[in-house]
Amino acid sequence: MDLCVTIKGVSFLLQTGMGIFGNSVVLLAYANIICTEPKILPVDLILCHLAFANLMLLLTRCVPQTMTVFGLKDLLNDPGCKVVIYAYRIGRALSVCITCMLSVFQAVTIAPAGPRLSRLKSALPSLVLPTFAGLWLLNMAICIAAPFFSMAPRNGTVPAFTLNLGFCHVDFRDYLSYVINGVAVSVRDFAFVALMLGSSGYILLLLHRHSHKVRGMRRSHGGGAETRAAKTVVTLVVLYVLFFGIDNVIWIYMLTVPKVSPVVADMRVFFSSCYASLSPYFIMSSNKKVKAKIMCAAEQDQPSADTQESSER
């Protein structure tokens with residue numbers, strides 16, 4: 001195994017391990033919050049679902065990618081490829097859609113209350129689950145073509161207009177279907193990114209106005225819970241847009257060539273998965289509820305470890 005393959009394998013392994021661990025911790029923390037707290041805020045449900053979508057993305061894309069980089073062959077047959085690629089496409093789509101949903105819901109939450117907006121604010125908790133269902137149905141429909149073009153790798157040369165994922169091939173057979181698929185995915189992604197940027201810009205404008213109003217009165221207290229939540233949402237959006245931009249620059253390049261180099265495909269996978277791997281750690285560090293649950297679990301483990309150590313003495 002040469003140095004380049006080793007570096008690539010270690011990079012994917014670290015990204016996958018960190019991402020699966022981080023999203024699992026966030027999911028467990030929110031599971032505890034949902035079971036123990038009488039009232040769950042919409043932002044908590046959305047962040048929980050975001051962690052689930054990111055975990056789904058990592059398990060269906062980065063895990064087989066890492067195994068392939070380290071030389072494991074024939075991981076999946078044709079049906080396995082269809083299931084894994086379809087699940088990955090849905091997980092990736094849900095990641096951008098739920099981040100957008102988070103930004104829009106937070107913008108509505110902190111917006112100045114008016115006659116119509118007050119009714120919408122009060123209805124937000126009841127809109128979360130229907131919105132989740134709508135996003136699942138939308139993305140399942142958009143990604144339905146992926147299983148038809150997915151197959152296990154074949155011996156010999158890779159045909160033109162085929163995305164070589166290593167563990168699976170996505171063979172579009174002709175240029176038209178290749179471009180239509182790329183355009184459909186890109187239009188969906190850019191529409192949701194534009195919406196999240198617009199709502200995040202509105203959040204920043206509200207925070208700027210709020211900072212002028214409370215300057216000198218609450219400066220020492222650093223703002224309320226809604227302000228902290230809004231800053232968390234904006235930071236998540238910025239993080240997503242950064243990696244989304246890199247991902248789509250590579251994707252646009254891939255649409256312009258008939259045969260995509262495995263190195264280019266690996267770069268796109270790595271950058272498109274960075275958000276899924278890094279976002280849970282930002283949630284853990286910035287969300288007080290999640291941080292409190294993690295600290296509580298750590299404190300509960302500490303006495304048992306101390307008791308075991310004293311008994312051994």
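**A chat about helices and rings**

Q: Where is T60 found?
A: T60 is found in helix 2, residues 42-69, where helices are DSSP runs of H or I with at least four residues, numbered from the N terminus. This is a predicted model, in which local features need pLDDT of at least 70, side-chain atom pairs count only at pLDDT 80 or more, and totals for chains, interfaces and linings use all residues. Residues are numbered from 1 along each chain as its sequence is written, and side-chain values use heavy atoms, with hydrogens and water left out.

Q: Is T60 buried or exposed?
A: T60 counts as buried, because its relative accessibility is 13%; buried means under 20% relative accessible area, exposed over 50%, and partly exposed in between, with a 1.4 Å probe and protein chains only.

Q: And which residues does T60 touch?
A: Leaving aside residues up to four places away in sequence, T60 touches V84, A87, Y88 and F167, with contact meaning heavy atoms within 4.5 Å. A polar atom of the T60 side chain also lies 2.7 Å from the backbone oxygen of M56.

Q: Changing topic, how do helix 1 and helix 8 cross?
A: The axes of helix 1 (residues 3-36) and helix 8 (residues 262-286) come within 8 Å and cross at roughly 35°; these axes are lines fitted to C-alpha atoms over the stretch in contact, and angles run from 0 to 180 degrees between N-to-C directions.

Q: Which residues make that contact?
A: Among them are F12, Q15 and M18 of helix 1, together with V269, F270 and S273 of helix 8. The residues of this contact divide into 14 nonpolar, seven polar and two charged; Ala, Val, Leu, Ile, Met, Phe, Trp, Tyr, Cys and Pro count as nonpolar, Asp, Glu, Lys and Arg as charged, and the others, Gly among them, as polar.

Q: How many aromatic pairs are there?
A: The count comes to six aromatic pairs, where rings of Phe, Tyr and Trp (its six-membered ring) pair if their centres lie within 6.5 Å, and planes under 30 degrees apart count as stacked, over 60 as edge-to-face and the rest as tilted. The rings of F12 and F270 have centres 6.0 Å apart and planes at 85°, so this pair is edge-to-face, and it links F12 in helix 1 with F270 in helix 8, 258 residues apart.

Q: Which residues do ring pairs link into a cluster?
A: Ring pairs link F190, Y240, F244 and Y275 into a cluster.

Note on methods. Helices (H or I, at least four residues) and strands (E, at least two) are DSSP runs, numbered from the N terminus. A polar contact is a pair of N or O atoms within 3.5 Å; within protein, one must be able to donate a hydrogen and the other to accept it, and residues adjacent in sequence count only if both atoms are side-chain atoms.
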